[in-house]
Amino acid sequence: MLAKLQKISPRRGVGRLFVPILAGATLRERLIACLGALLGIGLTALVCLLLFGADSSLPMIVAPMGASAVLVFAVPASPLAQPWPVIGGNVMSTLTGVVIAKLVGEPVFAAALAVSLAIAAMSLTRSLHPPGGAAALTAVIGGQSVTSLGFAFPIPVALNAVVLVAMGIGFHKLARRQYPHLVIPTPTNTHLTADVPPQLRSGYQEADVDAALSELGETFDIDRGDLNRLVREVSLQAAIRTRGPLLCSDIMSRDVILISKDVQAIEARALLLRHNIRTLPVVDQAGRLAGVIGLRELALAGADIEQSMAQAAVASPHDKALALLPVLTDGRTHAVVIIDAGRNVLGLVTQTDLLAAMSGLPA
């Protein structure tokens, strides 16, 4: 029995040494990172050697590039590994180190001050990059060969960083990985109404992420947009596992554009185009739902829309959202009007609303 338990517990014993410490890391990803670093550092050194010449006093490659390569090739989605932090962070920190080395004679204080001010400079320029601390330190304690270069030392650092980033972009493209990393933008409402986008109607809000970060009081190596997308996906998976289907009230638009059946067709067409929607609920003088009209019906309408409006597909706010799937996939119906017992319009569930709730991805 003990042998069986050990067999199904791969994280026990020596095996734990090989468990990835980064979320999403796999053996394949680490092997790609190793290959990327091999090519990136090798080609960077070769290019700079050819540019500087074998007899140049400028180094072909500086030590902080090794740390930069770890970020660029092993964690290319990290905000600290993006092109501007790699280039700007290394160069900014090197310049800081050179200035401190010239102004402060005491090596211990100079080393500490250089790294401290490098962090401040990178933070102010949004180029925070951990190897930048090593670049600043190298400029102070790198020995006579480095200090004698003075303000020429940032030249090989800048060239190393530029070439390394170029190698990273090319390598990741060949490996079919995204670099530079692009954060998916937050969905926005395209209909000029007060409703939040359909992707953001269920679950947590972005303000909850900010509140959680403030409560934890820590800095995490992940872009805020990526964190938001990750937490939203986790919420969706948890909802699928625990809650079951969503209700219409969870995903419906509430700020619905309505139109009276007495208006002219040209007004209805203008509303559809202005708000970028496909269906307008039509109400009577008492505000009760009378039907719906879209561009298809308007194409056949005269001046008066009452004769051309279609029958509305309706549901209750307490109905299950997935129950609308057959209606919204019939090839004609683009939206279901959510009404109460008196046929007052409470909301609207469109094909986009339902797809967004089902997929959890931007529709």
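## Close-up views of a predicted model

**View 1. Helix 2 and helix 3 pack against each other at an angle of about 140°.** In this predicted model, helix 2 and helix 3 (residues 64-74) have axes that lie 9 Å apart, where axes are lines fitted to C-alpha atoms, for helices over the stretch in contact, and angles run from 0 to 180 degrees between N-to-C directions. That angle makes helix 2 oblique to helix 3, since angles under 35 degrees count as roughly parallel, over 145 as roughly antiparallel, 65 to 115 as roughly perpendicular and the rest as oblique. Helix 2 passes helix 3 in a right-handed crossing (a crossing is right-handed if the near helix is turned clockwise from the far one by less than a right angle, and left-handed if anticlockwise). Helices (H or I, at least four residues) and strands (E, at least two) are DSSP runs, numbered from the N terminus.

Residues are numbered from 1 along each chain as its sequence is written, and side-chain values use heavy atoms, with hydrogens and water left out. Because the model is predicted, local features need pLDDT of at least 70 and side-chain atom pairs count only at pLDDT 80 or more, whereas totals for chains, interfaces and linings use all residues.

**View 2. Helix 4 and helix 6 are roughly parallel to each other.** Helix 4 (residues 83-103) and helix 6 (residues 131-141) pack at an angle of about 30°, and their axes are 7 Å apart. The crossing of this pair, helix 4 and helix 6, is right-handed. In the loop between helix 5 (107-124) and helix 6 sits Arg126, a residue other than glycine whose phi is positive, near 55°.

**View 3. The largest pocket has a volume of about 810 Å³.** Of the 23 residues that line the largest pocket, Ala23, Gly24, Val75, Ala77 and Ser78 are the closest to its centre. Helix 2 (27-52) and helix 10 (224-242) are the elements that give two or more residues to the lining, and helix 10 gives the most, with four residues. The lining divides into eleven nonpolar, four polar and eight charged residues (Ala, Val, Leu, Ile, Met, Phe, Trp, Tyr, Cys and Pro count as nonpolar, Asp, Glu, Lys and Arg as charged, and the others, Gly among them, as polar). On a 1 Å grid over the protein atoms alone, a pocket is an open set of points where a 1.4 Å probe fits, with protein on both sides within 12 Å along at least five of seven lines, and lining residues have an atom within 4 Å of a point. Grid points are joined across faces, edges and corners, and a volume is the space filled by probe spheres set on the points.

**View 4. An open sheet of three strands has the order 1-2-3, with mixed pairing.** Strand 1 (259-260) and strand 3 (289-293) stand at the edges, each with a single partner strand, so one side of each is left without a neighbour in the sheet. Strand 2 (residues 280-283) pairs with strand 3 in the antiparallel sense over four bridges (two strands pair if DSSP finds at least two bridges between them), and Leu280 stands opposite Ile293 in strand 3.

**View 5. An open sheet of three strands has the order 4-5-6, with mixed pairing.** The edge strands, strand 4 (314-315) and strand 6 (345-350), each pair on one side only. Strand 5 (residues 335-339) and strand 6 pair in the antiparallel sense over five bridges, with Val337 opposite Leu348 in strand 6. In the hairpin of strand 5 and strand 6, which has five residues between the strands, Arg343 takes a positive phi near 65°.
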